[in-house]
Amino acid sequence: MDEPLITVVVPIYNEEGTLLELLERLRRAPFRKEIIVVDDGSTDKTPDILAEQRDIVALRHERNRGKGAAIRTALQHATGDILIIQDADLEYDPNEIPKVVAPIIKGEAQVVYGSRFFRGLPREMPLPNKIANILLAWAVRILFRYPLTDEATCYKAFRTDLLRSMNLKCERFEFCPEVTAKSLKRGVPIREVELLHYRPRRKAEGKKIRWTDGLEAIWTLLRYRFRD
């Protein structure tokens, strides 16, 4: 059987310092792939760097709209059987993508998350982010009665046709709770696999998500729990 094509979606905003290394890591990672990078209105050298790449699909928003909007744009162009999200800040190792998508390839799952927390919260993660992640895990348990350990992980993989059918509305970081809620509400289990390589980035290094986004995520889970 032919190896399935994996669409790797990279939403990016002002990440000139890590973009080239990320693309090289993705290229070397051992799986068949198409790489779709959506520049979400960057004002640094990100557009120039992308213009020099010939083996990726590079898309652009003329103004910054948010991670969710970038993912929705990429989804319109994805041709892979499976789609996974990859942040551009090097917190996650692309060499772990094959084990994240493996349950989907084997037909054992339609949605798989790579969990950072099988062995507890990383010591390097700022305290507010730890609290936000704990609250998100409990929100999923309470609202959906599902024992998810890492709701906000970047590494979320889906059958592409399933993700398209969700009619996503997200604009910013609420992508994560929207797909979590819509998967579980449909009765689609979320398989989790352990990630072994995760390097938390701090605010001083350009980390964009804030603990307040955790509150918005909880509200999004609550909203989609009681509506389509």
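Predicted model: local features only at pLDDT ≥ 70, side-chain atom pairs only at ≥ 80, totals over all residues.

Biologist: Fine. What's the bridge partner of V9 in β4?

Modeller: The partner of V9 there is I85. The strands involved are β1 (residues 6–12) and β4 (residues 82–85), which pair in the parallel sense over four bridges.

Biologist: What order do the seven strands take in the sheet?

Modeller: The order is β3-β2-β1-β4-β6-β5-β7, in an open sheet with mixed pairing. At the edges you have β3 (57–61) and β7 (190–194), each pairing on one side only.

Biologist: How many degrees does the twist average from one strand to the next?

Modeller: The average is 20°.

Biologist: And helices, which strands does α1 touch?

Modeller: Helix α1 (residues 19–28) packs on the sheet and touches β1 and β2 (33–40). The direction of α1 makes about 160° with that of β2.

Biologist: What about α7, where does that one lie?

Modeller: Helix α7 (residues 175–185) lies across β4, β5 (111–115), β6 (156–159) and β7. Relative to β6, helix α7 runs at about 45°.

Biologist: Switching to aromatics. How many pairs turn up in the whole structure?

Modeller: Three aromatic pairs are found. In one of them, the ring centres of Y92 and Y155 are 5.0 Å apart with the planes at 50°, so that pair is tilted. Y92 is in the loop between β4 and α4 (97–105), while Y155 is in the loop between α5 (127–144) and β6, 63 residues apart.

Biologist: Are those two buried or exposed?

Modeller: Y92 counts as buried at 3% relative accessibility, and Y155 counts as buried at 0%.

Biologist: How do the rings of Y92 and Y198 sit?

Modeller: Their centres are 5.2 Å apart and their planes are at 55°, so this pair is tilted. Y198 is in the loop between β7 and α8 (211–225), so the pair ties together parts that are 106 residues apart in sequence. With 18% relative accessibility, Y198 counts as buried, because the cut-off is under 20%.

Biologist: Which tyrosines do the ring pairs link into a cluster?

Modeller: Y92, Y155 and Y198.

Biologist: Last topic, charges over rings. Which ring does R141 sit over?

Modeller: The charged end of R141 sits over the ring of W138, 5.6 Å from its centre. There's also K156, whose charged end sits over the ring of Y113, 4.6 Å from its centre.

Key
Residues numbered from 1 in each chain as written. Heavy atoms only, no water. Pairing = 2+ DSSP bridges. Helix = DSSP H or I, 4+ residues; strand = E, 2+ residues; numbered from the N terminus. Axes fitted to C-alpha atoms, helices over the stretch in contact; angles between N-to-C directions. Contact = heavy atoms within 4.5 Å. Phe/Tyr/Trp six-rings, centres within 6.5 Å; stacked < 30°, edge-to-face > 60°. Buried < 20%, exposed > 50% of the residue type's maximum accessible area, 1.4 Å probe, protein only. Lys NZ or Arg CZ within 6 Å of the ring centre and 35° of its normal.
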